[in-house]
Amino acid sequence: MPRQLHRPRSGQRFDDVLGLRVSWEKRWITLAPVATILGLAFKMYDPDHLLGDKEDIGITCALVPTEHDGVCIGRRHYPGGAVFMNGPTWGRDVFIPLEWIIGGRDFAGQGWRMLVECLSVGRCISLPAMSVASGKVASYTTGAYARIRDQFGLSIGKFEGVDEAMARIGGFTYQMEASQDLALTGLDIGEKPSVLSAVLKYHNTERMRKTLNDAMDIHGGKAVVLGPRNYLARAYQAIPIAITVEGANILTRSMIIYGQGAIRCHPFVLREMKAAMSNDAAEFDKAITGHINFVISNVFRSLWMGLTGARLVGSPKGGEVAAYYKQLTRFSSAFALLSDMAMFSLGGSLKFREKLSARLGDMLSNLYIASACLKRFERDGAPKEDLPVLQWAVENALYDLQQAMDGFLANLPSRTLAVILRKVIFPWGLTLKPASDRTGTQVARLLMELGPTRTRLTRGMFVSKDEADPVGVLEPALRAMLETEPVEQKLRKLGRDGKFKAVTARERLAEAWQSGQITQQEFDAVTRARKLKRDVIMVDDFDMELGQHDDTLLQRLIF
């Protein structure tokens, strides 16, 4: 449809410009309310055959200035209490010249490929990075809070129920950052890892959900009450955003991860398809022969490694991590075998078997996550202090992988094939276990200590040096609590022995100082540590109109 074009920025006008008439109503676009350029994907038709004989051109992508005639933006959403700028955009019969198509008219109809490639990059960066950041914040704050906050004279982080949740926070944070770092390495060398981006989008945001849930549970009322001291609630409220945008997590797990990877990552299927499409009989025969040999090899490899527990498999590293590399080799062969058997037994109907596809995706994802954790451990110099976190991360990834295989075999429609595959892959049954309670406790204790593991796990995180900041006060308070712990133990013992006349903790501290049982330096250190502790555990309160926030009166009463 040729017509006049008015450039919205330069004011130039051109006559007889060939373009499209586009109408749309997009309910949700990131940054739409403040955007200067709008990215649109639409179905393009050429009923007048101005571009050629083809009428249905297909999905096409274009960049449109938001001040262009007919483009409507400016309304915004309020997603989950977050003030991030999302909003709708719409237009009716908006004229878009062909030159605004990304790549020009030669790329009309190639929008789907562009979308997949763009998402493969974006999914690796934005939401996975937010998930990693959330894990770091949860690890940093919860580790300190659980050590500082006590109940019955014991830090709450030393209660087994709490340390179980803290182990998940630390372990998932390790998994998330390791997985993203490895994928970003691929981006840095120019790859567009569409499968890995889907893995990261799903698994990192799900782990973010779990870490924030656990952090909220441990913080209790402090994290429930909104206010200046609450550093978790807004992230917790925003969880549905991360699991929804750039492809809902249900869709990503059940259709995208394995759906994209089954053909793209297989060493022979794509070659077979291309050979069949080009009628290249010689190449097809070569590919199908290689495929058959590949399947036979994986049958014997899976059986042998299952019978031996992969103990005879080589490993690039020795020591405590060698067994993990061996298990990855074993389950890589098993996954390849299950993938081939799924395609063989289900054919084209596999794409409709979303639960089976999801479990195959879980297998691939956990193989990747475990590999990424081992890669991170080596990149960090294989520090002995980090071994408990690595063990928790890898052992739970391998266990989840095993459970996905078990679920797949339990639900494979061909029961005879399922029984055979189970005997091949799991000749001794399901032998892998999740990380032990002892390992989990070690992870929790590392989060509560001012040590190198805690530092590595939270590296890159901004922490204010201002003790008036609710996050900035955590490390000084933790340090002060650790330094004064012997004095506090001494005071508790004096109390148990009946050495005090006073009743309150403040009065007993003063009595111990006045009687010479503690020094002036110890008195000052404990006083400061207790004040910092109070700053950490206090919950926000307001006047009856939820307006004024002021606890100076209460501070004067206590201190």
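Which loop holds A382? A382 lies in the loop between α11 (354-379) and α12.

## The model and its numbering

This is a predicted model, in which local features need pLDDT of at least 70 and side-chain atom pairs count only at pLDDT 80 or more, while totals for chains, interfaces and linings use all residues. Residues are numbered from 1 along each chain as its sequence is written, and side-chain values use heavy atoms, with hydrogens and water left out.

## The chain as a whole

The chain has 19 helices and seven strands. Helices (H or I, at least four residues) and strands (E, at least two) are DSSP runs, numbered from the N terminus. Along its principal axes, the C-alpha trace spans about 100 × 70 × 40 Å.

Of the 559 residues, 47% count as buried. Buried means under 20% relative accessible area, exposed means over 50%, and partly exposed lies in between, with a 1.4 Å probe and protein chains only. A contact means heavy atoms within 4.5 Å. Among contacts between residues at least 6 apart in sequence, 72% join residues at least 24 apart.

## Two loop residues with positive phi

A382, in the loop between α11 and α12, has a phi near 50 degrees, a positive value in a residue other than glycine. With 29% relative accessibility, A382 is partly exposed.

F152 sits in the loop between β6 (150-151) and β7. The phi of F152 is also positive, near 60 degrees, and F152 is not a glycine. F152 is exposed, because its relative accessible area is 75%.

## Nonpolar cores

In soluble globular proteins, nonpolar side chains tend to be buried together. A nonpolar core is defined here as a set of buried Ala, Val, Leu, Ile, Met, Phe, Trp, Tyr and Cys residues joined through side-chain atoms within 4.5 Å. The largest such core has 107 residues, and those with the most contacts inside it are L338, L360, M363, L390, M405 and F408. Helix α12 (residues 387-411) gives the most to this core, with 13 residues. A second, separate core of 19 residues includes V22, I29, I96 and A108.

What does F408 touch, not counting residues up to four places away in sequence? The partners of F408 are L338, A342, L356, R359, L360 and M363.

L478 belongs to helix α16 (residues 474-496). L478 counts as buried because its relative accessibility is 0%. Not counting residues up to four places away in sequence, L478 touches A144, R147, I148, M448, L450 and R454. L478 and R149 are 329 residues apart in sequence, yet their C-alpha atoms are 9.9 Å apart in space.

S134 is part of helix α1 (residues 111-148) and is buried, with a relative accessible area of 10%. Leaving aside neighbours within four places in sequence, S134 is in contact with M208 and L212. S194 is in helix α3 (residues 194-219) and is buried, at 4% relative accessibility. S194 and C118 are 76 residues apart in sequence and 9.0 Å apart in space, C-alpha to C-alpha.

## Cysteines

How many disulfides does the structure hold? The structure holds zero disulfides, a disulfide being a pair of cysteine sulfur atoms within 2.5 Å. The closest cysteine sulfur to that of C373 is in C124, 16 Å away, so the two are too far apart for a bond. C373 is buried, with a relative accessible area of 0%, and C61 is buried as well, at 6%.

## The second largest pocket

A pocket is found on a 1 Å grid over the protein atoms alone, as an open set of points where a 1.4 Å probe fits, with protein on both sides within 12 Å along at least five of seven lines; lining residues have an atom within 4 Å of a point. Grid points are joined across faces, edges and corners, and a volume is the space filled by probe spheres set on the points. The second largest pocket holds about 800 Å³ of space. Of the 29 residues that line this pocket, the closest to its centre are D150, E488, A505, R530 and K533.

The elements α1, β7 (154-155), α16, α17 (505-514) and α18 (520-537) each supply at least two lining residues. Helix α16 gives the most, with seven residues. By class, the lining has 13 nonpolar, five polar and eleven charged residues. Ala, Val, Leu, Ile, Met, Phe, Trp, Tyr, Cys and Pro count as nonpolar, Asp, Glu, Lys and Arg as charged, and the others, Gly among them, as polar.
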